[in-house]
Each structure stands twice: as C-alpha cells, then as structure tokens.
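Please open the structure in a viewer and follow the stops below in order.

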Amino acid sequence: MNTRRFLLEAAALIAAAVICALVSNALAARERKMALVGFYPNAQKVPAQTTTTAAPVAAPPVAAAVPAVGTAASPPPPAPATETVAIRPAKTPAATPKPADISRFAVHTDKPFIEIHYDDVKALHDAGVLFLDARRTSIYEQGHITGARPFSVWESDIDDKVRKLYDERPDEKQQAQPIVVYCSGGDCEDSHMLAQKLWGIQFNNVYVYKDGYPDWVAHKGDTHTGSNP
Amino acid sequence: MKRWLQSPWLTIRVQLALGVFFVAAALPKIVDPPSFAHMVYNYRIMPGGVINLMALVMPWIELLCGLALILGIWTAAARSIIAAMLLTFIAAISINLARGNAIDCGCFDPNPRPKSRAERLDDMRFVIYRDLGMLLMAGQLWYAARRDD
C-alpha cells in the first residue's frame, strides 16, 4: 500500500467529515445548532459519584454553609464551591393567603448558585420569580414548570438568551432578584452550568433546583407543555 | 486458519458489518449534536472548548468511514481511522471506569434512558468488550489486506 496515497485518503475522509459537520451545523434548526467553541468550565472535573437512581425523589434539605471565593465581577472559577440549603421563613399563622415572602433569598456574590429543594422552589414560584429550564428545548416543550423559559445550555442560542436576559435586567437591583434554574435532577448538571453562565454576567442571586423537574412533577407542581412559558 | 482469516468470503462480511455498525452509530448523533456533545462532556476528558466541535465532527467521520467500508472505497484509510477511533473509545471508557465515573457511552444513542450508577458501570464494561470485538474485526480486515499487498 502506497503510504502517501493512504495518508491522502485518510486526510480526505477527515476533511470531508469536517466540511459536512460545519455545513450541517450551519443549516441545522435552532435547537440542534451548536456554537463551534463551547464554554464548559468543569469539562475535565470528575463529579463526586452518588448512588442516585434514575428517578430522583426529594431529599430532606441539608443546612450547610460553605464559604466560597470569588467576586461578582470575576469569571466563574473552574470548580465553584456550592451549598445546599434550606431557606426557611419564620412560621406565621396561615389565616389568609399572603404573597410569599422571598426576602430570605438574598444576593450571594461569593458563589454562582445555591442548591435548593422543593419547599423553597415552591415559595419562589409562588412569588413569581423567574424560572429558567436548562434542559433541551425539545424536552422543555414536552412539559416544564409553569412560567419557566427554555434556556438549554447545549443549544447555540444560549449566549443570546443570556445576553437578552441581561438587557431585560440591566441594573444591579434587578440583577439581585432571585432566579431559579433547573434541569432533570439526579446527576444532571445543565442547571449548574447555566447558573455559572448567569453568575459570570453579574446575576448574583441564582438558585439551582437540585432535584429538578421530576421532583416538581412528583410534588404535583404547576406544569405547562408547549413552547410558551 | 490463516487462509480462512484472509479469505474474501470472511473479509467482505466483516467489512460490511463494521461499516453498518459505524453508520448506525453515526446517524443518531448527526441528527442531535447537542445531546452527543452532552455525552462527550460527561466523559470529563476533553477540554471544554473542543467538546462541541468534536461532537459535530466525530459522527461524520464515523459515517463516512462506515460508508467507505460498505461501498469498498478507500477501505485502508477507513479501517485505520475506525481502528484508531475504537482504541480511543476503549481508552476513554476505561479511564472513566477506573475513576468510577459512571457514564452513558453515547455510542449508538445520545439520548439514553435514565439508568442507575450500577447499570451504567455494567454497560461501560460491556462497551469495552464490544469495542474490542469491533477492533478484532478491523484487525481481520488489516490482516486480509496484507494478502492483497
């Protein structure tokens, strides 16, 4: 076998594959298109393995306080420290329904996100806080938390969506409003990746719904299907 | 044995089977690159900046090499690239098995059903054996080609 010919054929196959890939990506629908250069700060960090099963259930919230380094203006570090907290309101007699008090969800500039569980998520949802669904748009359309917007981190328009969100909330006060991001629970990390992106552009009050959409459905939370929030 | 391993009867069947495997593996990934990028990310090996590019290009390499084997054109280059890819897949899965990172391989389906950690680890072991089998097929093609040279 002629080595030169062999190398030329191999190079031609790979070059043809690259061209096909670029053309197909350029022609792909929005939810199938990807940015050529991805931004995944934890791409080489192996996650701590858990023994969670496919259908996660709500775990009791664990109170913890782990300080983390970093400032609002700095880019997200490769391995941010996070915490899972239960942010409990003071108990009051529930005579008449009141608007949910979310003042306890304070800005946390030192870490990209705080993981929360159903009770806190429900309180934030009742208060009309912005929810972002980090799962694929096709999955979002099959069912999502009512009011949530599709923000898939794997699709090419994610940076545009994040930028648009920043334009909607240009001042510091608006950026300090809580945002809840979620994906599929279990070992899904899309919500954490989205939270890091948001933190990188000054959104300092982001909460990750750790158990995600399956947990919301298990608690019979309000859901909506289709492409609208 | 040597004559049988180099026989055109065996070679053409192995070539077609390997080609079909790779075309079948490539198509679901080409249809849904973001899901495959997610699979590549889960391996925790590649730098973040190249994950998307890899997820876009690799399925097309698989498809074109598979088609080359099926059609019988540029077979030497195609089987060599396929062998290199199989070695890479085996190494990537082995690294993750060794460090206990249970992942879906994303080999034939970038949208696998949710599995437990134990199921994933079992699947990873199976994938290594399966890829070793396909590597043997590529080896047979290489061995048979020596007769023609």
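First select Phe6(A), Glu9(A), Ala10(A), Leu13(A) and Ile14(A) in H1(A), which meet Ala76(B), Ala77(B), Ala78(B), Ser80(B) and Ile81(B) in H5(B); contact means heavy atoms within 4.5 Å. Helices (H or I, at least four residues) and strands (E, at least two) are DSSP runs, numbered from the N terminus. The residues of this contact comprise eight nonpolar, one polar and one charged.

This is a predicted model, in which local features need pLDDT of at least 70 and side-chain atom pairs pLDDT 80 or more, while totals for chains, interfaces and linings use all residues. Residues are numbered from 1 along each chain as its sequence is written, chains are lettered from A and ligands numbered from 1 in the order in which they are written, and side-chain values use heavy atoms, with hydrogens and water left out.

Next, display the whole of H1 (residues 3-27) of chain A and H5 (residues 75-98) of chain B: the helices pack at an angle of about 65°, with axes 8 Å apart. Axes are lines fitted to C-alpha atoms, for helices over the stretch in contact, and angles run from 0 to 180 degrees between N-to-C directions.

Finally, select Arg30(A) and Asp157(A), which form a salt bridge with the closest N and O atoms 3.1 Å apart. The two residues lie 127 residues apart in the chain.

How values were computed
Ala, Val, Leu, Ile, Met, Phe, Trp, Tyr, Cys and Pro count as nonpolar, Asp, Glu, Lys and Arg as charged, and the others, Gly among them, as polar. A salt bridge is a side-chain nitrogen of Lys or Arg within 4 Å of a carboxyl oxygen of Asp or Glu.
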